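The following exercises ask the reader to work through a protein model step by step. Each task is followed by a worked solution.

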Amino acid sequence: MLTVFDSHFHIIDSKFPLVSNHSYLPPLFTTKDYLMKTKHLNIVGGAIVSGSFQAFDQTYLLAALRKLGPSFVGVTQLPDSVPDKELIRYHTAGVRAIRFNFKRGGSEGVKNLESFAKRVHEVVGWHVELYVDSNDLFDLSPTLLRLLAVSIDHLGLSQKGLPELLVLVEKGVKVKATGFGRVDFDVASALKKIASINPDALMFGTDLPSTRAPRPFSDGDIQIVRDIFDDDLLNKIFYLNAVSFYKPKESLFSPGLSSSKNLDQP
């Protein structure tokens, strides 16, 4: 049975502020909804990722972390003006990364990327996550290569920018194996290329509830990965790579992994 650390999903709760983004407000997806939707999967932890529609609100994220427990972490959006003491408070609550959403907005801007990313890494050891079309990576790459820890969401989204993404992977940048229904290329081929360059790069996530994705997450996305890789790499992609990167307060170690590739036994 696969042990899964879900490296990318959203919690959307109307009890907390939501911001219309290009006239879009997402459907609700509470912690209860997430647990029900994934109950057939062996998810032992994960990363709750702030969306454009949550902007700089932290209340929903802190509440979700309390409900889901210490094996889950937060990926937040914060303004560059946030004081160090607030970073430390969020770290204590389980936040482990800061997100720059260049695709949809709602986050700090690119002009503060390098200075802010270096400060949060120095103060609390967080890495940076980018929701960005890989077409834009060529201009961003010099900055990203000066940062200590970076991940790119949803395989970079675009075929055209994939070569630049692979250059970054070679330099140590991590890639979310998420949002397969968002990309414009063959997922299996891209996964193989990334893993061949750096087997520690890929981190699987459900991307639930797949807001605005042309095709939402399904169990078939898990099967795509299982059909490609051997058990050692599956263990890395579904669990070890993300746990090593996010460092949750509580996690399982050396999880078991069956050799079966049938989703009847996920």
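**Exercise 1. Determine how far strand β1 is covered, and identify the strand that pairs with β1.**

Solution. Step 1: Strand β1 spans residues 4-9, and six of its six residues are buried. Buried here means under 20% relative accessible area, exposed means over 50%, and partly exposed lies in between (1.4 Å probe, protein chains only). Helices (H or I, at least four residues) and strands (E, at least two) are DSSP runs, numbered from the N terminus.

Step 1: The partner of β1 is strand β2 (residues 43-49), paired in the parallel sense over four bridges. Two strands pair if DSSP finds at least two bridges between them. Within this pairing, F9 stands opposite I48 in β2.

A note on the source: this is a predicted model, in which local features need pLDDT of at least 70 and side-chain atom pairs count only at pLDDT 80 or more, while totals for chains, interfaces and linings use all residues. Residues are numbered from 1 along each chain as its sequence is written, and side-chain values use heavy atoms, with hydrogens and water left out.

**Exercise 2. State which residues lie on each side of strand β3, and how β3 is joined to β2.**

Solution. Step 1: In a regular strand the side chains alternate between the two faces of the sheet.

Step 2: β2 and β3 run parallel and are joined by four bridges. The bridge partner of A47 in β3 is V73.

**Exercise 3. Which side-chain and backbone partners surround R96?**

Solution. Step 1: Locate the residue. R96 belongs to strand β4 (residues 95-101).

Step 1: Look for a charged partner. R96 is buried yet has no salt bridge, and the nearest side chain of opposite charge, that of E129, is 11 Å away. A salt bridge is a side-chain nitrogen of Lys or Arg within 4 Å of a carboxyl oxygen of Asp or Glu. Lys and Arg count as positive and Asp and Glu as negative; His and the chain ends are not counted.

Step 2: Look for backbone partners. A polar atom of the R96 side chain lies 2.8 Å from the backbone oxygen of H91, and the side chain of R96 also reaches the backbone oxygen of K247 at 3.1 Å.

Step 3: List the surroundings. Leaving aside neighbours within four places in sequence, the residues in contact with R96 (heavy atoms within 4.5 Å) include V73, G74, W126, H127, Y246 and K249.

**Exercise 4. Explain why the buried residues of helix α7 lie on the same side, and name what they pack against.**

Solution. Step 1: In α7 (residues 187-197), the buried residues are V187, A190, L191, I194 and A195. They lie on the same side of α7 because they cover an arc of only 125° around the axis. The arc is that of the directions from the helix axis to the C-beta atoms.

Step 1: An α-helix has 3.6 residues a turn, so residues three or four places apart point the same way.

Step 2: The buried residues of α7 pack against α6 (162-170), β7 (174-177), β8 (202-204) and α8 (219-226). In turn, α7 is among the elements that cover the buried residues of α8, together with β8 and α9 (231-246).

Terms used
Polar contact = N/O pair within 3.5 Å; in protein donor to acceptor, adjacent residues only side chain to side chain.
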